[in-house]
Amino acid sequence: MNSEPPEEPGEPRPPAPHGKPIGRRVLLGTIGLGALGVVAAPVLQRGLEGFLGAAADKDPTGLTGLLPNGGGFRYYSVTSSVPHKDATDYRLTVDGLVDRPKTYTLDDLRALPQTRLVKDVQCVTGWRVPDTPFEGVRLSRLLDAAGVRAKAGAVRFTCFDGAYSESLTLEQARRSDVLVALRMQDKDIGHAHGGPVRLYVAPMYFYKSAKWLSGITVTEDVKPGYWERLGYDVDAWVGKSNGRDDDPTS
Ligand SMILES: Nc1nc2c(c(=O)[nH]1)N[C@H]1C(S)=C(S)[C@@H](COP(=O)(O)O)O[C@H]1N2
Ligand SMILES: [Mo]
C-alpha cells in the first residue's frame with residue numbers, strides 16, 4: 001500500500017485496499033437500491049452519499065462549495081444524533097498494540113504541546129474550504145507516548161457517535177500533518193464539527209478526519225473505515241485517490 005502520494009497526478013491511483021474500488025456513481029446506485037441493507041437508512045438520511053453527495057451531483061460546477069453556508073463547511077454525520085461531550089466527560093483511549101495504553105481527558109490533551117496547521121479542507125464530493133486553521137496534538141506524539149509495538153502496521157480510529165470509524169497506515173499516522181485536533185478556525189471545535197476532539201488528516205479527503213474521536217487503536221493491518229467499506233480509498237490523498245475520477249466537482 002502506498003504511504004506517500006504518487007509523484008505525478010497522472011500516475012495510476014493506488015488500488016483500494018480490499019477489492020476493486022467502487023465508483024461513486026456505482027455506489028450511489030447501490031445505495032439507492034437499498035442493497036446495502038442496514039447501512040442504507042442512515043446513509044440516505046445524513047450520509048456523505050445519500051444527502052450531500054446527491055446535492056453535489058446537482059452541482060457539477062462545485063460552486064456551492066463557495067457559497068456562504070457556514071463558512072463553506074457542510075455538516076456530516078452518518079448517525080442521526082450524537083451525544084454531547086465536554087471537559088467533564090470526554091475521554092480518548094489509546095490502546096491496541098502498544099506498551100502503555102492510556103486514556104486522556106480533554107485537559108490532558110490541552111496540556112500537551114499544540115501544533116497549528118493552516119491548509120485547505122477538501123471533501124470528496126467536491127466542496128473545499130481554503131486555508132482552514134486546525135490546532136491540536138500531533139497523533140505521532142500520542143503514538144510515541146503509548147509505545148507502538150514492532151508488529152504494528154496501522155491505526156484504527158473510533159468515534160463516540162457509535163458508528164463511524166477510520167484507518168491510517170502507521171506511516172501515514174506518524175506524519176507531522178496529522179493531528180488530534182482540539183481547535184478549528186481558531187475556536188474550540190464545536191459539537192457540529194466533531195468536537196470536542198476530531199482527527200485532522202490534512203493531506204487527505206476530509207472523510208479521513210473522524211469527528212467525535214474517542215478511540216485510537218494500534219493494529220497489525222489496516223481495518224477499513226466506514227466509507228472505505230463502501231469503496232473509498234484508505235489512501236485518500238487529495239486529488240490522487242478514487243474521489244477524483246468519479247467526481248466531476250473535485
Ligand atoms: N464521526 C464522523 N466523522 C466524520 C463524518 C461522519 O459522518 N461521522 N463524515 C466525514 C466527512 S465525509 C466529512 S466531509 C467531514 C465533515 O466535517 P464537518 O461536518 O465538520 O464539515 O467529516 C468526516 N468525519
Ligand atoms: Mo466528505
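This is a predicted model: local features need pLDDT of at least 70, side-chain atom pairs count only at pLDDT 80 or more; totals for chains, interfaces and linings use all residues.
Figure 1. Glu 135 has its place in strand E4, which runs over residues 128-138. The side chain of Glu 135 is joined to the side chain of Arg 116 by a polar contact of 3.5 Å. When residues up to four places away in sequence are not counted, Glu 135 touches Gln 114, Thr 115 and Arg 116, and it also touches Leu 179, Ala 181, Leu 182, Arg 183 and Asp 186.

**Figure 2. The whole protein, as a setting for the other views.** The protein is built with seven helices and ten strands, and 51% of its 250 residues count as buried.

**Figure 3. The largest nonpolar core and the elements that supply it.** This core, the largest nonpolar one, has 46 residues, and Leu 92, Leu 143 and Ile 216 are those with the most contacts inside it. At least two residues of this core come from each of several elements, including strand E1 (92-96), helix H4 (106-111), helix H5 (139-146), strand E5 (154-159) and strand E10 (213-219). Helix H5 gives the most to this core, namely four residues. Another core, of 15 residues, lies apart from this one, and among its members are Leu 117, Val 129, Phe 134 and Ile 189.

**Figure 4. Helix H5 and its buried side.** The buried residues of helix H5 are Leu 139, Ser 140, Leu 142, Leu 143 and Ala 146. These residues lie on the same side of H5, because the arc that they cover around the axis is only 160°. Leu 143, if its neighbours within four places in sequence are left aside, is in contact with Val 148, Val 155, Leu 170, Ala 173, Arg 174, Ile 216 and Val 218. Helix H5 is followed by Gly 147, which has a positive phi, near 75°.

**Figure 5. Val 98, a buried residue in a loop.** Val 98 is found in the loop between strand E1 and strand E2 (102-104), and Val 98 counts as buried because its relative accessibility is 2%, where the limit is under 20%. With its neighbours within four places in sequence left aside, Val 98 is in contact with Ala 146, Gly 147, Val 148, Arg 149 and Val 218. Although Val 98 and Leu 143 are 45 residues apart along the chain, their C-alpha atoms are separated by 8.2 Å.

**Figure 6. Ligand 1 and the residues around it.** There are 22 residues around ligand 1, and of these Arg 74, Asp 161, His 193, Arg 198 and Lys 211 come nearest. A polar side-chain atom of Lys 211 lies 2.5 Å from an oxygen atom of ligand 1. On its own, ligand 1 has 530 Å² of accessible area, and the protein covers 100% of it.

Conventions. Residues are numbered from 1 along each chain as its sequence is written. Chains are lettered from A and ligands numbered from 1 in the order in which they are written. Side-chain values use heavy atoms; hydrogens and water are left out. A nonpolar core is a set of buried Ala, Val, Leu, Ile, Met, Phe, Trp, Tyr and Cys residues joined through side-chain atoms within 4.5 Å. Buried means under 20% relative accessible area, exposed over 50%, partly exposed in between (1.4 Å probe, protein chains only). Contact means heavy atoms within 4.5 Å. A residue is near a molecule or strand if one of its heavy atoms lies within 4 Å of it. A polar contact is a pair of N or O atoms within 3.5 Å; within protein, one must be able to donate a hydrogen and the other to accept it, and residues adjacent in sequence count only if both atoms are side-chain atoms. Accessible areas come from the Shrake-Rupley method with a 1.4 Å probe; for residues, only the protein chains shown count as cover. The arc is that of the directions from the helix axis to the C-beta atoms.
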